[in-house]
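Me: I have a model open and would like to learn how to read its side-chain features. Could you take me through them, one at a time?

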Amino acid sequence: MLETWFNRDFKDIYDEYLSTGLAPGLRPNAYAINGHLGDTYGCPTDAIFRMQVEYQKTYLLRIINAAMNEEKFFAIANHRLTVVAQDASYVQKFTSDYIMISPGQTMDVLVHANQNKGQYYMATRPFSDSAGPSPDNITTGIFQYTNSDGGLNASLIPLPARGDSGAALGFINRIRNTNVRQNPPMKVPKKIHRRVYIAVATNNLPCDNCTTGLRAAASMNNVSFDFPRIDILQAYYNRSINGVFTTDFPLEPLVYYNFTGDLSNGVLNGNTSRATKAVVLNYGEAVEIVLQATELGAGGSHPIHLHGFSFYKVGTGSGNFNNVTDPRLYNLVDPPLINTLHVPARGWAALRFFAKNPGVWFMHCHFERHSSMGMDTVFIVKNGKTAKTSILPPPASGMPRCPGA
């Protein structure tokens with residue numbers, strides 16, 4: 001498990017953002033592997049994480065990126081990694097010196113202990129391509145052969161540089177679906193019923209009580225999600241509860257501009273507004289969502305996660321999405337089935353799925369700072385025509401409630 005380490009209570013950091021309006025000071029003090037900081041931070045009380053292995057055996061690593069705000073590179077010195085699954089779906093296996101994994105993602109990797117017996121570094125560092133990059137710290141663990149003598153092997157760890165977009169995209173674009181019985185049958189939507197084009201951005205909100213008169217914010221299609229005090233699912237169940245959300249989330253950007261161009265001249269108004277808006281989908285609709293990165297604010301890549309679904313990543317590219325030429329290059333043959341989508345800096349990514357899971361489903365950036373600042377929306381899938389294609393009923397009345405609910 002790849003993690004983020006803070007020396008302060010995270011809630012205190014977030015409360016400072018709420019009181020000052022300044023972007024959350026979410027720069028971590030360190031990173032960790034399975035709760036251990038390794039040997040690069042000078043922490044004498046921390047025991048480095050060690051994985052004991054036997055010579056000529058093959059090991060399955062189930063890697064989870066549990067970091068708050070960082071995509072991660074990971075590698076093991078002198079050992080190649082064979083990727084076999086992502087987000088609980090098998091992929092066409094391929095071998096790489098490193099992986100790149102987004103927050104919230106899972107990845108299954110095989111490693112063969114076939115080197116000279118000894119101790120080898122495993123390591124992780126962030127991938128960050130925004131104007132406000134994460135700290136460039138390397139955290140280490142040890143891949144240790146049993147009955148091995150001597151110190152650590154001095155081989156260099158094949159980690160790409162923090163801002164190496166080519167390495168990140170080069171890895172991601174190698175991932176392809178595989179038609180094995182353990183995967184769901186490959187059913188990529190071809191005829192699309194609903195198209196949604198979402199520009200993601202970091203913005204500002206006017207704030208009279210904030211230090212600068214503005215509050216740092218984030219948005220989708222210039223709507224900064226306003227988290228309601230009553231849960232949207234509860235309001236959707238109980239149709240007599242009004243005013244919690246509206247169903248008019250814009251299906252395309254409200255203003256078209258050069259999303260990936262140089263916006264540093266300040267001509268474009270970077271402010272947004274808060275609202276709780278949802279997209280309503282009919283049961284069974286074939287849906288395409290294109291996520292467009294922008295250069296508003298710090299820019300950079302975004303890992304976008306959709307609850308309730310695995311979806312097909314059918315395309316990605318640089319620059320502004322062209323709805324005529326770019327779909328011609330979609331991969332509709334073996335697109336990976338995932339639940340978290342890497343939207344590249346100064347680029348776009350497209351996903352497709354069938355809306356066959358009725359309910360209320362949250363879509364958000366998996367950078368915690370962006371999600372807490374409003375880079376979120378909700379998709380509501382209406383009931384189908386049968387009980388099996390309809391949302392489950394709410395809990396029976398009289399069930400115990402959480403304190404404060």
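Me: What sits over the ring of Tyr 31?

Reply: A charge sits over a ring if NZ of Lys or CZ of Arg is within 6 Å of the ring centre and within 35 degrees of the ring normal. Here the charged end of Lys 72 takes that place over Tyr 31, 3.4 Å from the ring centre. Arg 369 likewise lies over the face of Phe 367, at 5.1 Å from the centre of the ring.

Me: Happy with that. What should I know about the model itself?

Reply: It is a predicted model, where local features need pLDDT of at least 70 and side-chain atom pairs count only at pLDDT 80 or more, while totals for chains, interfaces and linings use all residues. Residues are numbered from 1 along each chain as its sequence is written, and side-chain values use heavy atoms, with hydrogens and water left out.

Me: How many aromatic pairs are there?

Reply: A pair of aromatic rings is described by the distance of the centres and the angle of the planes. Rings of Phe, Tyr and Trp (its six-membered ring) pair if their centres lie within 6.5 Å; planes under 30 degrees apart are stacked, over 60 edge-to-face, and the rest tilted. By this rule the count is 20 aromatic pairs. Take Tyr 98 and Phe 171: their ring centres are 6.1 Å apart and their planes are at 40°, so this pair is tilted. It links distant parts of the chain, with Tyr 98 in the loop between β7 (89–96) and β8 (99–101) and Phe 171 in helix α2 (residues 165–172). Helices (H or I, at least four residues) and strands (E, at least two) are DSSP runs, numbered from the N terminus.

Me: Are Tyr 98 and Phe 171 buried or exposed?

Reply: Buried means under 20% relative accessible area, exposed over 50%, and partly exposed in between (1.4 Å probe, protein chains only). Both Tyr 98 and Phe 171 are buried.

Me: Which residue forms a salt bridge with Arg 274?

Reply: A salt bridge is a side-chain nitrogen of Lys or Arg within 4 Å of a carboxyl oxygen of Asp or Glu. The partner of Arg 274 is Asp 226, with the closest N and O atoms 3.0 Å apart. Asp 226 is partly exposed, at 27% relative accessibility. Another salt bridge joins Glu 288 and Arg 352 (2.8 Å, N to O), and both of these residues are buried.
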